[in-house]
Amino acid sequence: MQTETLIAEPLDLGKVIGATSKASLQVLRLYIPNKDKNSREFGTQRKWVLEAANLLAEIGGGVTIMPAVEGGWVDENRLIVWEQPIIVYTFIREKQFLENLGKLREFLHRLGRETDQGEVAIEFNNEFYRITQYDEL
């Protein structure tokens, strides 16, 4: 049985929809936890989400905040610690991204220190990064 191709020729979707520009999909995602490394809620998640959103808006010209999702990680006793992280992301603009790398690092390390995280996780360009040691003040 043959499958039928719906579009026979390459489609210029930008032209069809009237787009004035298009960009590559380099996405930067930050995971903002609601619990510390000992599974205790630290109570300031919204503050961290808003700070992350402001930074990512600088980097990408806009930001999206995904409502809390449920996730878990395995602790040293091999037990799953459940939490409700919020995902904050942007599609980066290269110049702004490069100009704000220092701010991004400072934010991530401060998040890890001040909320007592075992690790802080981010995604960029289809790669996953874990920070487990934080810069000193």
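By class, the lining of the second largest pocket comprises 9 nonpolar residues, no polar residues and 1 charged residue. In this classification Ala, Val, Leu, Ile, Met, Phe, Trp, Tyr, Cys and Pro count as nonpolar, Asp, Glu, Lys and Arg as charged, and the others, Gly among them, as polar. The model is predicted, so that local features need pLDDT of at least 70 and side-chain atom pairs count only at pLDDT 80 or more, whereas totals for chains, interfaces and linings use all residues. Residues are numbered from 1 along each chain as its sequence is written, and side-chain values use heavy atoms, with hydrogens and water left out.

A pocket is defined on a 1 Å grid over the protein atoms alone, as an open set of points where a 1.4 Å probe fits, with protein on both sides within 12 Å along at least five of seven lines; lining residues have an atom within 4 Å of a point. Grid points are joined across faces, edges and corners, and a volume is the space filled by probe spheres set on the points. The second largest pocket holds about 160 Å³. Its lining includes Leu 28, Phe 97, Arg 105, Ile 122 and Tyr 129. Helix α4 gives the most to this lining, with 4 residues. Helices (H or I, at least four residues) and strands (E, at least two) are DSSP runs, numbered from the N terminus.

The largest pocket has a volume of about 500 Å³. Of its 22 lining residues, Trp 73, Glu 83, Gln 117, Glu 119 and Ala 121 are the closest to its centre. Strand β3 makes the largest contribution to the lining, 4 residues. The lining contains 10 nonpolar, 5 polar and 7 charged residues.

Strands β6 (residues 120-124) and β7 (residues 127-131) pair in the antiparallel sense over 5 bridges; pairing requires that DSSP finds at least two bridges between two strands. Ile 122 has Tyr 129 of β7 as its bridge partner. Two residues, written as 2 in the hairpin count, lie between the strands, and Asn 125 takes a positive phi near 55°.

The largest nonpolar core has 23 residues, of which Leu 28, Leu 30, Ile 32, Val 88, Phe 107 and Leu 108 touch the most other members. Such a core is a set of buried Ala, Val, Leu, Ile, Met, Phe, Trp, Tyr and Cys residues joined through side-chain atoms within 4.5 Å, where buried means under 20% relative accessible area (1.4 Å probe, protein chains only). Helix α2 supplies the largest share, 7 residues.

Key:
Buried < 20%, exposed > 50% of the residue type's maximum accessible area, 1.4 Å probe, protein only.
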